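Welcome! Please take a look at the model below, and then we will walk through it together, step by step.

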Amino acid sequence: MSANPLPDVTGPAARRAIRYGWFTIGYNLIEGVIAVTAGLAASAVSLIGFGIDSGIEVAAAAVVLTRLTAELRGGHADEAKERRALKFIAFTFFALAAYVIVEGIRDLFIGEKPETSLVGIILTGASIIIMPWLAHAKRKAGLAMNSRLVIADAAETKLCAWLSVSTFAGLLAYALLGWTWLDPVAGFVIAGFAIMEGKEAWEGELVCDDDDDD
């Protein structure tokens, strides 16, 4: 798509996107505090990383929400500011990928054994249900608005969903089988996904995904 029209920031899809933004911030603030607290208590690096990802999600959602609110009040979209916001979202993808890679390598070589965290298992299990729904809803609103910014935010929420799966699998596998290697290995896969999505967000290409026909 080389000649996209300006995003529609006055219709119902824009208002839905704003509601999703507020929900994202509220949910991830609670999720992040619980994850980091439980991770520190259990010495579970993956759970602490999951909490940090929640903080990244809050930051990205705040940027998107600020832009959408300003555009809704002004009744028009500022493409230059949207591109800057997209680059910020791309940076959060790269930051998360770097964290997951560094901690994954550290876990594999040091072999540090955390304690079982029932709170972490329940929390990430809930996010496996909530995050995919939220990512789909955001993307649907973004496509309806023709907003690359909202679609990029939806991609970050989708990444959060995959990180929920990875963290849940690692915590559960350790609790049941004592496996400590599954979480960092799955984290490397997610890091690759984060780098790919970050590159697309940086280049403003997330709108060109063909995997959603809504």
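## The overall plan

What pattern does the protein follow, read along the sequence? The pattern is α-α-α-α-α-α. The protein holds six helices and zero strands; here helices (H or I, at least four residues) and strands (E, at least two) are DSSP runs, numbered from the N terminus.

Before we go further, a word on the model. It is predicted, so local features need pLDDT of at least 70 and side-chain atom pairs count only at pLDDT 80 or more, while totals for chains, interfaces and linings use all residues. Residues are numbered from 1 along each chain as its sequence is written, and side-chain values use heavy atoms, with hydrogens and water left out.

Of the 214 residues in the protein, 49% are buried. Buried means under 20% relative accessible area, exposed means over 50%, and partly exposed is in between (1.4 Å probe, protein chains only). Contact means heavy atoms within 4.5 Å. Among the contacts in the protein with a separation of 6 or more, 82% are between residues 24 or more positions apart.

Two packed helices are described by the angle between their axes and the distance between the axes. Axes are lines fitted to C-alpha atoms, for helices over the stretch in contact, and angles run from 0 to 180 degrees between N-to-C directions. Helix α2 (residues 45-74) and helix α5 (residues 148-177) pack at an angle of about 165°, with their axes 10 Å apart. That makes α2 roughly antiparallel to α5. The cut-offs are these: angles under 35 degrees count as roughly parallel, over 145 as roughly antiparallel, 65 to 115 as roughly perpendicular and the rest as oblique.

The crossing of α2 and α5 is left-handed, a word used if the near helix is turned anticlockwise from the far one by less than a right angle (right-handed if clockwise). Residues that make the contact include F50, E57 and V64 of α2, and V150, D153 and T157 of α5. The residues of this contact between α2 and α5 divide into twelve nonpolar, four polar and five charged. In this grouping, Ala, Val, Leu, Ile, Met, Phe, Trp, Tyr, Cys and Pro count as nonpolar, Asp, Glu, Lys and Arg as charged, and the others, Gly among them, as polar.

## How α2 meets α4

Now for another partner of α2. The axes of α2 and α4 come within 13 Å and cross at roughly 25°, and the two helices are therefore roughly parallel to each other. The crossing of α2 and α4 is left-handed. From α2, L47, F50, E57 and L68 meet G120, L123, T124, S127, K138 and M145 of α4. The residues of this contact of α2 with α4 divide into five nonpolar, three polar and two charged.

Is V58 buried or exposed? V58, in helix α2, counts as buried because its relative accessibility is 15%. Leaving aside neighbours within four places in sequence, V58 is in contact with I25, N28 and L29. V58 and Y27 are 31 residues apart in sequence and 8.9 Å apart in space, C-alpha to C-alpha.

K138 has its place in helix α4. With a relative accessible area of 2%, K138 is buried. Not counting residues up to four places away in sequence, K138 touches Y20, T24, E57, V150, D153, A154 and T157.

## An aromatic cluster

A pair of aromatic rings is described by the distance of the centres and the angle of the planes. Rings of Phe, Tyr and Trp (its six-membered ring) pair if their centres lie within 6.5 Å; planes under 30 degrees apart count as stacked, over 60 as edge-to-face and the rest as tilted. How many aromatic pairs does the structure hold? The structure holds three. In one of them, the rings of Y20 and W133 have their centres 6.3 Å apart and their planes at 85°, so the pair is edge-to-face. This pair links distant parts of the chain, with Y20 in helix α1 (residues 12-42) and W133 in helix α4 (residues 118-145), 113 residues apart.

Y20 is buried at 17% relative accessible area, whereas W133 is partly exposed at 46%. The rings of F23 and W133 also form an edge-to-face pair, with centres 6.0 Å apart and planes at 90°. Y20, F23, Y27 and W133 form one aromatic cluster.
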